Amino acid sequence: SFYDRIGHYDIAANSNTFIQLNAYIQNFRHDRRGHLWVACYNDGLYEINKKDSIINHYFDNLTINDVLPDSQNGLWVSSKSRGLFYCRNLNDKSFPASHPLGNSIAFIKKYGSSLFIATQRGLVYHVDSRGKIKQILDPGVIEEPLDLFIGNGKILVSYMYHVDVATLHNPDDKLNWKRIPDLKNGIKIISYANDSILLLHRKGITQVIKNRITKRIDVSYKTN
């Protein structure tokens, strides 16, 4: 173990590599992919790739005593105060905190071979069948999306007080979004057809035709 930095000596290249970590290092292990897992005192667990770059940081402010990759590509992590953690598959996709998808996610939706991911900051991403990620919506303000719906060639994203709509030919195309304002307490989009949207709100259903609220049914109990 080292304080502040971890290093290795490359005999073939006759050079040293040092990776700066501002924490006491408790233990470290390589996995089968060549990634280095570094357990730290009061600073969690760092994942370092084969290029010696820190790509992930887990268990912030927690003391990790030991880390052990197993023969089935899993990872065992022991902590001083919260017991034992197990990751079943290290090949699963993960994102560092610096990545938009490494923070709070509002929801995910799957349509066909595409995955749509919305963050609590209001950004919406499309992930295609090859794993390529593209941002398709930025509302310009921090506002949590509540639902996403695809139907009749349109893609709709609902928020508490409005719905954003775009024509969807291909998510890889640039989408031109239009806003339907003044919709309150929207939770879920039920359907879209012939310029008509059925929108579930906290206590009822709202019908919107050609971007105008034409009917609202309110009830005295929460709808879901």
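**Salt bridges, the count.** I searched the whole structure, which is a predicted model, and found 6 salt bridges. A reminder to myself: side chains of opposite charge can pair when their charged atoms come close.

**Asp 66 and Arg 29.** I looked at this pair and found that their side chains meet in a salt bridge, at 3.9 Å from N to O. Asp 66 sits in strand E6 (residues 64-69) and Arg 29 in strand E2 (residues 15-30), so the pair ties together parts that are 37 residues apart in sequence. Next I checked accessibility. Asp 66 is partly exposed at 28%, and Arg 29 is partly exposed at 29%.

**Arg 179 and Asp 164.** Here I found a salt bridge whose closest N and O atoms are 2.9 Å apart. This pair links distant parts of the chain, with Arg 179 in strand E16 (residues 178-180) and Asp 164 in strand E15 (residues 163-167), 15 residues apart. Are the partners buried or exposed? Asp 164 has a relative accessible area of 3%, so I noted it as buried, because the cut-off for buried is under 20%. Arg 179 is partly exposed, with 40% relative accessibility.

**Arg 33 and Asp 31.** I then turned to this salt bridge, where the side chains meet at 3.0 Å, N to O. Arg 33 counts as partly exposed at 24%, whereas Asp 31 is buried at 9%.

Methods:
Residues are numbered from 1 along each chain as its sequence is written. This is a predicted model: local features need pLDDT of at least 70, side-chain atom pairs count only at pLDDT 80 or more; totals for chains, interfaces and linings use all residues. Side-chain values use heavy atoms; hydrogens and water are left out. A salt bridge is a side-chain nitrogen of Lys or Arg within 4 Å of a carboxyl oxygen of Asp or Glu. Helices (H or I, at least four residues) and strands (E, at least two) are DSSP runs, numbered from the N terminus. Buried means under 20% relative accessible area, exposed over 50%, partly exposed in between (1.4 Å probe, protein chains only).
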